[in-house]
Structures are given as C-alpha cells and as structure tokens.
Amino acid sequence: MKLHGYFRSSASYRVRIALNLKGLTTEHLTHHLRKGEQCAPAYLAINPQGLVPTLEDDAGTVLTQSLAIIEWLDETHPAPPLLPKDTLRRAKVRAFAMALACDTHPVQNLKVLARLRQLGLPEEKVTEWAAWANREGLSACEALIAGEAGPFCFGDKPTIADLCLVPQLANARRFGVDVSAYPRLFKAETAAKAMKAFADAAPDQQPDAE
Ligand SMILES: N[C@@H](CCC(=O)N[C@@H](CS)C(=O)NCC(=O)O)C(=O)O
C-alpha cells in the first residue's frame, strides 16, 4: 500500500495512527502542502480534491477521505476494532469524529486560510479565525464526552474518535488555543499518546518533518 500524505497534515495523521494500530506498513509519499504539491496534475489525477491523504492499495485502487480510508482499514483488518460493537455507541463515536473531521478541521484547513489571506484578511485575523474554529469544535467535543469515564474518548480502547482528536489538538496548539480548557479531551489525548501507535504517527516522527 502507498499513503500519500504530509507530516503536518492532521487528516494524514489520523490514517497513520490507524495503520500503526492495525500493524500495517505502507510506503509514504509526501506532498509538500505549503509548496502546493497537492495541486500537481499527477496528484490531482488520483485525488481530484487536491487534498491529502490518499491511500493506494496493492491492486492500485485509490481511496480518498481519511474517515473512509480508516473505516475501510477497520473493515478489512478488524483487529483491533476502531469502532464499538454496540450500534448506538458506534453512532456516538462517529458523531464525535465527524464534529472534528467534518465541522472543525475543514474550516481551518490550509486552503480556507489561504483564501482568507487572498481576500485581504491580515495574518493575525487568519490565526484568530483558525483558533476560533478549533475552540468551537473542541468545546463541543469536551461536552460530548463529559460523562465518559475513559480514559480514551469512548472507553478503555482507542476509537476513531481518538484518531481525530489527537491531530486536532495538535492543530489547536499551533493556532495558539489554550487546550487546558478541555480536561476531558486532555485525558484522552494523554492515554492515546502513551501508545506507540500514536507516538510513531506524530508529525515530528515523520521522515518529511521539517
Ligand atoms: N476531509 C478530508 C480533509 C483532507 C484535507 O483537508 N487535508 C489537508 C491536510 S490536513 C490538505 O490536503 N490541505 C491542502 C490544502 O488545503 O490545499 C479528509 O479527511 O481526508
């Protein structure tokens, strides 16, 4: 398998964690997002959205969208499971993951911030926008798992909720968000980061890290 990604990409980070948890190795192909390599014609031919990650399986089938990739990995390599068995719990885990992957991350993505700059927003306002998007999403997520004992987001094993949370907290810190406001999320992050699968997937551990 080949994973097209970028060390600082939080969506790629989610997939790297899933691969590590499943004990799967892939070839890592980097696309320098700040240099716009995700918009090169050869890459757009496999991912017309011009976003990372993209996974190519051994047969050359191309998969895009981190959550779709992670669920496919979970279905094809069921151990350890990344979703609970109980259908209601599955829905809750997915809702938490989507609060970050669908409603938080896209609003503060590179492409959106670049557009705000093009429209004339000064750099401090761009950062303020990104920090606001992170605070909105993380505050909601803190409330979503307030009643969960943990230590992970949902229970004593990582799920796709944790795969989305850890990279999003990294983004939040980059934009200057005070993450101490989210003690329950911090508890889940601490449990996750203690696992080798999460530690090895961290941006600063990647060969393309700057
Ligand atoms: N919903 C997509 C998001 C992918 C995405 O936005 N990736 C970012 C990096 S985390 C990217 O490629 N940004 C490039 C750009 O904005 O031009 C997923 O989960 O895979």
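Start by colouring domain 1 (2-80) and domain 2 (87-198) separately: both give residues to the shell around the ligand, so the ligand lies between them. Keep in mind on this tour that you are looking at a predicted model.

**Stop one: the ligand and its pocket**

The space that the ligand takes is the largest pocket. Now show the residues around the ligand: there are 15 of them, and Q38, V52, Q65, S66 and N109 are the closest. If you colour this shell by class, you will find six nonpolar, seven polar and two charged residues.

Next, select R14: an N or O atom of its side chain is 3.1 Å from a ligand oxygen. Taken alone, the ligand exposes 510 Å², and the protein buries 92% of that.

**Stop three: the helices of the shell**

Switch to a cartoon view and pick out helix 1 (10-21) and helix 5 (110-118), each of which supplies at least two residues of the shell. Which helix gives the largest share of the shell? That is helix 1, with three residues.

**Stop four: a positive phi**

Return to Q65, one of the closest residues to the ligand. Q65 sits in the loop between strand 4 (62-64) and helix 3. Check the backbone here: Q65 is not a glycine, yet its phi is positive, at about 70°. Most residues other than glycine have a negative phi, and most peptide bonds are trans.

**Stop five: two cis peptide bonds**

Select A79 and P80 next. The peptide bond from A79 to P80 is cis, and its omega is near -10°. You will find P80 in the loop between helix 3 (66-76) and helix 4 (87-101).

To finish, move along to G150 and P151, which are also joined by a cis peptide bond, with omega about 15°. P151 belongs to the loop between helix 6 (123-144) and helix 7 (160-174).

How values were computed. Residues numbered from 1 in each chain as written. Predicted model: local features only at pLDDT ≥ 70, side-chain atom pairs only at ≥ 80, totals over all residues. Heavy atoms only, no water. Near = heavy atom within 4 Å. Polar contact = N/O pair within 3.5 Å; in protein donor to acceptor, adjacent residues only side chain to side chain. Areas by Shrake-Rupley, 256 points an atom, 1.4 Å probe, with all protein chains shown as cover. 1 Å grid on protein atoms, 1.4 Å probe; cavity = no way out; pocket = protein on both sides within 12 Å on 5 of 7 lines; lining within 4 Å. Sits in = over half its atoms within 2 Å of the grid points. Helix = DSSP H or I, 4+ residues; strand = E, 2+ residues; numbered from the N terminus. Nonpolar A, V, L, I, M, F, W, Y, C, P; charged D, E, K, R; others polar. Domains from an automatic or database assignment.
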